[in-house]
Amino acid sequence: MQIQTCGQLDSKDLIQLCDFVREDISSLSLTPWTTALLGLLTGLAITWVTVLGNRRAQRAERRNTAQLAALIAVQDVALKLRSRWTEHLDYLQSGSAGPDPFPALAQAALQGQFRTAASRIENNELREDYVRWEKYAELFFNNSGRQQGYAEQKLWDGVLERSGKNIRWIDA
């Protein structure tokens, strides 16, 4: 590429600028191979950074999707467990002679599902809140007499609120 000679310009300032730039451009005279190699290395570096960024984004997306599913699953199982325990407590308090609506084997199975779902939650404090609620609720709903309904309700409301906040944060 040829640069116009600086003498053909109209202004003295432009001529000085042209001379300055022409000297800098002349000092940068690179061979076409060097230029091509620099372009290739720059392209590879940009591609590498882009690939790493995409991998991190995909990993974060997979993690968020898994956590969202785990939080929803533990809420669903906890709600089912609490509903079944409520039926069981009503049965115990009514003194009915019929079959227990939530026998020990069914309780154990549902509690196993609950603990499995809770174990998938990464947030340690939230997982511990769920476990704390489950232990307290198990004693309360099995009519141990030491636990109180308002305390169970407070634990339940707290764990649902924290879980909901986590879901909203992930889903945002």
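Start with Q107, which lies in helix α3; helices here are DSSP runs of H or I with at least four residues, strands are runs of E with at least two, and both are numbered from the N terminus. This is a predicted model, in which local features need pLDDT of at least 70, side-chain atom pairs count only at pLDDT 80 or more, and totals for chains, interfaces and linings use all residues. Residues are numbered from 1 along each chain as its sequence is written, and side-chain values use heavy atoms, with hydrogens and water left out.

**Stop 1: Q107**

Is Q107 buried or exposed? Q107 counts as buried because its relative accessibility is 7%. The classes are buried under 20% relative accessible area, exposed over 50% and partly exposed in between, with a 1.4 Å probe and protein chains only.

Show the side chains of W85 and N142. The Q107 side chain makes a polar contact of 3.2 Å with the side chain of W85. A second polar contact, at 3.3 Å, runs from the Q107 side chain to that of N142. A polar contact is a pair of N or O atoms within 3.5 Å; within protein, one must be able to donate a hydrogen and the other to accept it, and residues adjacent in sequence count only if both atoms are side-chain atoms.

Now widen the selection. Leaving aside residues up to four places away in sequence, Q107 touches W85, H88, F102 and N142. Contact means heavy atoms within 4.5 Å.

**Stop 2: the whole fold**

Zoom out and colour by secondary structure. The protein has five helices and zero strands. Along the sequence the pattern reads α-α-α-α-α. Of the 172 residues, 24% are buried. Take the contacts between residues at least 6 apart in sequence: 61% of them join residues at least 24 apart. The accessible surface is about 12100 Å², and carbon and sulfur atoms account for 59% of that. These areas come from the Shrake-Rupley method with a 1.4 Å probe; for residues, only the protein chains shown count as cover.

**Stop 3: the nonpolar core**

Select V74, L81, W85, F114, Y130 and W133. In the largest nonpolar core, which has 24 residues, these touch the most other members. Such a core is a set of buried Ala, Val, Leu, Ile, Met, Phe, Trp, Tyr and Cys residues joined through side-chain atoms within 4.5 Å. Which elements give two or more residues to this core? They are α2 (32-94), α3 (104-119), α4 (124-141) and α5 (149-171). Helix α2 gives the most, with eight residues.

Centre on W133. Not counting residues up to four places away in sequence, W133 touches A78, L81, R82, W85, F114, E152, L155 and W156.

**Stop 4: L155**

Move to L155, in helix α5. L155 is partly exposed because its relative accessible area is 26%. Outside the four places on either side in sequence, L155 touches R132, W133 and Y136. Draw a C-alpha to C-alpha distance from L155 to Y130: the two are 8.6 Å apart in space and 25 residues apart in sequence.

**Stop 5: salt bridges**

How many salt bridges does the structure hold? There are eight, each a side-chain nitrogen of Lys or Arg within 4 Å of a carboxyl oxygen of Asp or Glu.

Select E152 and R82. Their salt bridge has its closest N and O atoms 2.8 Å apart. The pair links distant parts of the chain: E152 is in helix α5 and R82 in helix α2, 70 residues apart. Both E152 and R82 are buried.

Next, select E122 and R63. The closest N and O atoms of this salt bridge are also 2.8 Å apart. E122 is partly exposed, with a relative accessible area of 44%. R63 counts as partly exposed at 36% relative accessibility.

Then pick R168 and E161, whose side chains meet in a salt bridge of 3.6 Å, N to O. E161 is partly exposed at 41% relative accessibility. Finish this stop with E125, D129, R132 and R162, which are linked in a network of salt bridges.

**Stop 6: L41**

Select L41, in helix α2. L41 is partly exposed, at 47% relative accessible area.
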